[in-house]
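Reader: I would like to learn how to read the features of a structure like this one. Please take them one at a time, with the general idea before the case.

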Amino acid sequence: MSPVAPPATPEQRILAAIRALPRGQVASYGVIALRAGLPGRARLVARILGHTGEAGLPWHRVLRADGRIAFPAGSAGWEEQIRRLQAEGVQVHNGRVRLPPVEASLDAALWAPR
DNA sequence: CTGATGACGGCGC
DNA sequence: TGCGCCGCCATCA
């Protein structure tokens, strides 16, 4: 591997972070942004998801910070995401998922000044 | 350049 | 838990 920092555009790193989500595990937009090295860029993650048409991308494992589906309740995307999550064994109640608490270190990183 | 928009997020009530 | 307000960012009209 090259000893230098990974090239990758922000978009590439975000997509990589999403692909890295194990089956049956979920994460918020903010956490994905953190893992991509882009603290506070949750909205960028959302835009990428809506724009990319990459096949096989586990987009359904990305939820809002409060554990709810980002799509409007009742919409086609909303139902599709719930279906996919439940197919992986994720418990979804009324469009909401129990997210594991964010670690203090990540919490600090999120609030750290840029 | 200005204002609106969105698969967001934190905070207050 | 629910709802509204505001901040932040990239894109678009």
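Reader: What does the accessible surface of chain A come to?

Author: Accessible areas come from the Shrake-Rupley method with a 1.4 Å probe, and for residues only the protein chains shown count as cover. For chain A the surface is about 7500 Å², with 56% of it belonging to carbon and sulfur atoms.

Reader: What should I know about the model and its numbering?

Author: The model is predicted: local features need pLDDT of at least 70 and side-chain atom pairs count only at pLDDT 80 or more, while totals for chains, interfaces and linings use all residues. Residues are numbered from 1 along each chain as its sequence is written, chains are lettered from A and ligands numbered from 1 in the order in which they are written, and side-chain values use heavy atoms, with hydrogens and water left out.

Reader: How many helices and strands does chain A have?

Author: Helices (H or I, at least four residues) and strands (E, at least two) are DSSP runs, numbered from the N terminus. Chain A has 5 helices and 2 strands, and their pattern along the sequence is α-β-α-α-β-α-α.

Reader: What share of the residues in chain A is buried?

Author: Buried means under 20% relative accessible area, exposed over 50%, and partly exposed in between (1.4 Å probe, protein chains only). In chain A, 32% of the 114 residues are buried.

Reader: What share of the contacts in chain A with a separation of 6 or more comes from residues 24 or more positions apart?

Author: A contact means heavy atoms within 4.5 Å. Of the contacts in chain A with a separation of 6 or more, 59% are between residues 24 or more positions apart.

Reader: How many salt bridges does the count come to?

Author: A salt bridge is a side-chain nitrogen of Lys or Arg within 4 Å of a carboxyl oxygen of Asp or Glu. The count comes to 5 salt bridges. One of them joins the side chains of Glu54 and Arg19, at 2.7 Å from N to O. Glu54 lies in the loop between helix H3 (42–51) and strand E2 (62–63) and Arg19 in helix H1 (residues 10–19), so this pair ties together parts 35 residues apart in sequence. Glu54 is partly exposed at 28% relative accessibility, and Arg19 is partly exposed at 43%.

Reader: Which residues are linked in a network of salt bridges?

Author: Glu80, Arg83 and Arg84 are linked in this way. Between Glu80 and Arg83 the closest N and O atoms are 2.4 Å apart. These two residues are 3 residues apart in helix H4 (residues 76–87), about one helical turn. Glu80 is partly exposed, with a relative accessible area of 23%.

Reader: How many aromatic pairs does a search of the whole structure find?

Author: Rings of Phe, Tyr and Trp (its six-membered ring) pair if their centres lie within 6.5 Å; planes under 30 degrees apart count as stacked, over 60 as edge-to-face and the rest as tilted. The search finds 1 aromatic pair. The ring centres of Trp59 and Phe71 are 6.3 Å apart and the planes stand at 85 degrees, so the pair is edge-to-face. Trp59 lies in the loop between H3 and E2 and Phe71 in the loop between E2 and H4, so the pair ties together parts 12 residues apart in sequence. Trp59 is partly exposed at 24% relative accessibility, and Phe71 is partly exposed at 37%.
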